[in-house]
Every structure is written in structure tokens, then in C-alpha cells.
Amino acid sequence: MTTSSTTATSAFNELIGLADGPRVPDIGDAVVLDNLAKTYRDGTQAVRGISLRVASGESFGILGPNGAGKSTTIGMLGTLVKPTGGRAWVAGHDVVAEPIEVRRRIGFAMQDVGVDAFATASELMVLQGRLHGLRKSDAVRRAQLLLRVVGLDQVAGKRVSTLSGGTKRRVDLAASLMHLPPIVFLDEPTEGLDPRSRTAIWETLTELRHRLGVTLVLTTHDMDEAEALCDRIGIVDRGTLVVEGTPDSLKASDGQTLEAVYLHYTEREAA
Amino acid sequence: MNTLLLAQRALVQFPRNPVVLGFSVVPVLIMYLVFGGLFSGVSDLPGFPTDNYFEFLAPTALLLATVPGMGNAGVALAADLQSRYFQKLLTTPTTVGAVMLGRLLGDCLRLAVQAALVLLLAIALGAHVETGIPGAALMIVMGTLLGIVTFGAVSANLAVRTRDAAAVQAIQPMAFLLIFLTSAYQTADHIDSPVLRTIIDLNPAEYVLRPMRELMLSGYQWDHIAVGFLVIAGLALVALPLTARNYRSVYG
């Protein structure tokens with residue numbers, strides 16, 4: 001075991017202590033979508049009625065080509081986009097009627113990493129934690145630990161605007177975990193990252209699931225990512241869910257590889 | 001609580017962005033010095049309320065610091081929307097209102113300090129605040145509140161609608177118009193043009209500037225101070241529903 005992984009492990013252990021003990025996945029659904037739809041003001045029907053359930057502790061991947069409606073779907077679940085049809089519940093709370101209750105229970109790492117150009121990595125994370133109600137001392141400690149978990153303790157005092165794209169992503173992910181949420185939404189978490197950064201994020205997410213029982217919902221069009229991280233996958237195209245299942249069941253039903261399944265369903269929809 | 005945290009964030013940002021900090025106060029101080037020097041002869045006019053023109057001009061300079069300066073809040077909000085940090089903040093249990101109010105509050109505190117600098121410069125130039133420190137504080141409060149309900153509200157709403165810092169920056173000259181179309185440089189009695197006098201009478205900023213000048217030159221005119229705060233409250237009544245309406249556009 002390397003020194004850095006030992007450091008990350010000990011940081012994780014301390015974090016678990018701060019999280020009121022490890023979270024064992026509950027029996028039940030962390031996320032429920034019931035015919036969820038979104039039509040933008042310009043008439044674009046981004047999501048045309050998606051229904052699905054994600055169990056607590058599960059990792060669910062939303063796969064689809066660009067413009068399929070993945071980001072809009074996860075945006076609605078994260079309360080950043082208002083649905084125009086159907087309903088959705090996150091941790092038992094309606095995303096439209098109870099957005100603040102939803103936000104208390106989720107972490108959201110967005111596709112376009114939003115960071116404060118004038119803040120240091122540590123300040124960014126501490127503010128995120130404090131907005132979630134943490135005391136300053138707790139927020140400072142958690143920021144230190146989480147930066148160690150994602151292998152970035154050396155950038156704590158650096159301005160986020162000076163960091164590389166991959167490092168910003170990891171800081172953003174760490175910031176999303178400040179309140180140790182039971183559910184984490186990730187919108188294309190590793191898009192455009194080099195293999196090392198991508199692997200680092202995958203390792204962190206896998207560790208999160210196994211150590212804290214976190215439910216993950218992520219969007220991606222990376223087949224490797226979907227296979228590495230997801231228990232189940234839903235393929236969306238043109239705003240509709242065209243198929244869902246475990247990676248193995250999808251591969252068994254429609255092709256040798258997940259990519260073949262993806263191409264099969266998205267091409268069929270495009271035809 | 002979240003509003004205060006976000007205001008604190010804004011305050012931490014200011015010294016890290018010295019260009020914005022410098023350009024929001026230095027031009028005002030230069031304008032004060034230049035106009036005060038150029039028009040100093042105005043104070044020789046019969047019936048002019050003071051023989052020190054810098055004293056007359058100080059409340060105007062204070063408004064020039066607070067009203068256009070509030071535009072920086074809108075620019076910062078637009079920058080946060082462009083970078084999507086605004087949306088990141090909305091993934092926490094906070095509201096659009098808290099994010100906007102936090103920004104405005106942070107800028108208020110910055111502008112209050114800048115306004116105090118203007119008054120200190122006035123005093124260094126021989127001006128005297130008739131009502132002392134309490135009156136000076138009241139002038140700063142009135143000037144800052146006018147900045148929030150006029151240009152602060154306009155720039156924040158524009159930021160939310162356009163998500164474009166350049167667009168917000170472009171309306172900055174409008175703030176100067178709001179102030180210039182008052183008795184900023186001359187008492188209303190000494191302005192000959194009836195059209196200009198009508199415009200001044202219709203300009204809400206005039207009803208805030210007037211009691212501020214009285215605090216500087218003569219004393220507490222409570223009825224005028226009350227009218228000033230009523231005007232501010234009236235503008236807030238227009239700005240708040242407009243802002244609430246624009247909140248919705250943040251959520252796709």
C-alpha cells in the first residue's frame with residue numbers, strides 16, 4: 001500500500017467517524033422518477049416522461065448520447081431544473097415541493113464545474129460545508145480530510161482558478177461531499193479528464209459507496225465508466241428511457257459489449 | 001445565516017480583486033477633486049448654502065461611490081452564473097434570494113467603507129459635517145440603501161436574466177445619469193431650466209440626496225429624512241417583486 005493510499009484510507013476512516021457511523025443502505029428507494037418531463041421555454045422537449053427507481057445504496061448510471069436529456073434529468077433530481085411534467089422524489093422528498101430538504105441530502109458534482117475564482121480549494125469547501133449547516137471547525141476538518149481522500153491536500157491553499165481542469169473536478173467532487181450526503185449526483189464526472197484523474201475519481205466514488213453506503217446517480221457516455229461504477233444502467237435517447245438493467249443483463253440480451261448495446265438502442269431510436 | 005456566509009464570501013473576495021476595488025473608489029475621489037475644484041466658484045452665488053463647494057459636493061460624491069458601485073454586485077452575480085458557481089451554491093440548502101442578498105450585503109459593507117473614505121477626503125479638504133458622526137453614518141446608510149434599491153436591484157436582475165457580466169457592466173453609465181439629474185452640483189433654486197428642474201423633481205434620487213446634503217450642511221430635517229426613507233421603501237417595493245419574478249429564470 002502506498003503512502004498516499006494509506007493517507008486516504010486514514011482520512012476516510014476519520015470521515016466515517018464524523019458521519020455518525022457508517023451508513024448502511026436502507027431497504028427502499030433513494031430516487032424515484034414518475035413520468036418526469038421537461039420542456040424548455042423554447043419548446044425543446046428535453047425529457048419526455050422518464051420513470052425509474054434507484055434503490056438506497058445502489059449506483060445507477062444514465063447513459064445516452066449528447067442531447068439525450070441526461071443532464072436535464074439529473075438537473076431536475078438535483079433541484080436545479082424545474083420539471084414541467086411528472087414528479088420525482090429524492091430521499092423521500094418531492095424535488096419541486098421540498099427542494100431544500102432534497103438539497104440537505106444530496107451532493108451534486110456538476111458537468112460544468114462551478115467554482116469561485118477568488119477562493120482557495122479549502123475556502124470553497126468550507127463554505128460549501130457551512131452552507132450545509134456545519135460549524136466552522138467541523139467544516140475546516142472535513143475539508144482537510146476530503147482533500148486527503150481525493151489526494152489533493154497539497155492544493156488546499158491554492159486558488160481554485162489556478163488549478164487544472166481535472167484537479168478542479170476533484171475539488172468540486174470533494175466539496176459536494178462536505179456534508180457526507182447519502183445520495184450523490186454526478187453529471188459526467190470524468191468527461192475530459194486524463195486517465196489518472198479519471199481513475200482517482202472512480203476510486204473515490206467506489207470507496208464512498210463501500211464505506212459509507214452512498215447512493216450514486218451518474219450520467220455518462222463512457223461505457224468503461226458505466227461498467228466500472230454502476231450496478232444498473234438506463235439508456236436514454238431523445239428524452240426517453242429506452243432500456244434499463246444491470247450491465248450483465250444488458251450485454252446478455254443485446255450484444256457482447258455494453259457499447260454494442262448502447263449503439264443498438266441509440267441507433268434504433270435515431271432511425 | 002446563509003446570507004451572512006455569502007456576504008462574508010463577497011468581503012473576502014474584494015481585496016483579492018484589487019482592480020475592481022480600486023476602480024470603484026479612485027474615479028469617485030478624482031471626480032470629487034476635479035469637479036470640486038472646477039466649480040468652486042458656484043459657492044460664491046448669492047444664497048448658496050455654503051462657502052465651501054467641497055462641502056456641498058460631498059453627498060453627491062458619496063452617492064457616486066454607492067450607487068454605481070452597487071453595479072459590481074450585479075457583475076459578480078453574472079460572473080457566478082456564467083461560471084456556474086451560482087448553480088453550485090444552489091445545490092446546498094440555500095435559496096436564490098440568499099445568494100443575491102448575500103452578494104448585495106457584502107457590497108453594501110464595501111461601499112459603506114468607500115463612502116466613509118469620500119467623507120474623510122471631504123473633511124481633509126476643509127468640509128465640515130454639521131451633524132457629526134451620527135449624521136455622517138446616516139448619510140452613508142441612506143446612500144447605500146439607495147444604491148441597493150436602484151442600481152443594485154437593476155444590476156442583480158439583469159445578471160439573473162442575461163447571465164452576462166459584460167451586459168451588466170454596460171449599464172453602469174445609467175447610474176451616473178440617475179445622480180447627475182439631481183441637484184448634484186447646484187441647488188435646485190439656482191438651476192434656470194424649468195425642464196431640468198421638472199426632471200429633478202421627478203427623480204427619486206433627489207429626495208435622498210436632499211436630506212443627505214442637509215445632514216452635511218445644516219442639521220437634521222426629520223421630515224425630509226422620512227421622505228428619503230419612504231422613497232427608498234417605495235423603490236424597494238418595485239424592486240422586490242421584480243426580483244422575485246426573475247428568480248424563476250435561474251431554474252431552467
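Author: Start with pairing: two strands pair if DSSP finds at least two bridges between them. Helices (H or I, at least four residues) and strands (E, at least two) are themselves DSSP runs, numbered from the N terminus. The model is predicted: local features need pLDDT of at least 70, side-chain atom pairs count only at pLDDT 80 or more, and totals for chains, interfaces and linings use all residues. Residues are numbered from 1 along each chain as its sequence is written, while chains are lettered from A and ligands numbered from 1 in the order in which they are written.

Reader: How many bridges join β1 to β4 of chain A?

Author: Strand β1 (residues 29-39) and strand β4 (residues 85-90) of chain A run antiparallel and are joined by 5 bridges. As one pair, Val32(A) has Trp89(A) as its bridge partner in β4(A).

Reader: Which sheet of 4 strands has antiparallel pairing?

Author: The open sheet with the order β2-β1-β4-β5 in chain A. Its edge strands, β2 (45-55) and β5 (93-94) of chain A, each pair on one side only.

Reader: What is the order of the sheet with 6 strands?

Author: That open sheet of chain A reads β6-β7-β8-β3-β9-β10, and its pairing is mixed. Because β6 and β10 (240-245) of chain A stand at the edges with a single partner strand each, one side of each has no neighbour in the sheet. On average, neighbouring strands of this sheet are turned by 15° against each other, direction ignored. Inside the sheet, strand β3 (residues 59-63) and strand β8 (residues 215-220) of chain A run parallel and share 5 bridges. Gly61(A) has Leu218(A) as its bridge partner in β8(A).

Reader: Which strands does α2(A) lie across, and at what angle does it run to β1(A)?

Author: For angles, axes are lines fitted to C-alpha atoms, for helices over the stretch in contact, and the angle between N-to-C directions runs from 0 to 180 degrees. Contact between two residues means that their C-beta atoms, placed from the backbone, lie within 7 Å. Helix α2(A) lies across β1, β2 and β4 of chain A and runs at about 120° to β1(A).

Reader: How many residues of α2 of chain A are buried?

Author: A residue is buried if 20 or more other C-beta atoms lie within 10 Å of its own, exposed if 12 or fewer, and partly exposed in between, with C-beta atoms placed from the backbone. For helix α2 (residues 70-77) of chain A the count is 8 of 8. Lys70(A), Thr72(A) and Met76(A) are among them.

Reader: Where is Thr79(A) found, and what is its phi?

Author: The general idea is that most residues other than glycine have a negative phi. Thr79(A) is not a glycine, yet has a positive phi of about 70°. Thr79(A) is found in the loop between α2 and β4 of chain A. Thr79(A) counts as buried because it has 23 C-beta neighbours inside 10 Å.

Reader: Which loop of chain B holds Arg163(B)?

Author: The loop between α7 (132-162) and α8 (165-170) of chain B. Arg163(B) has a positive phi near 55° and is a residue other than glycine. Arg163(B) is buried because 20 other C-beta atoms lie within 10 Å.

Reader: What should helix α6 of chain A span?

Author: The expected span is 1.5 Å times one less than the number of residues. For the 12 residues of helix α6 (residues 165-176) of chain A this should be 16 Å, and the end C-alpha atoms are 16 Å apart, so the two agree.

Reader: What covers the buried residues of α6(A)?

Author: In α6(A), 9 of its 12 residues are buried. The cover includes β6 (106-109), α4 (121-131), α5 (136-149), β7 (183-187) and α7 (195-212) of chain A. Helix α6(A) lies across β6 and β7 of chain A, and runs at about 170° to β6(A).

Reader: Which residues does Tyr32(B) touch?

Author: Leaving out residues up to four places away in sequence, Tyr32(B) touches Leu57(B), Ala61(B), Val118(B) and Leu121(B). Tyr32(B) is found in helix α2 (residues 18-38) of chain B. Tyr32(B) and Leu121(B) are 89 residues apart in sequence, but 9.1 Å apart in space, C-alpha to C-alpha.

Reader: How many residues of chain A are in contact with chain B?

Author: 22 residues of chain A are in contact with 19 residues of chain B. On the side of chain A that touches chain B, α4(A) gives the largest share, 4 residues.
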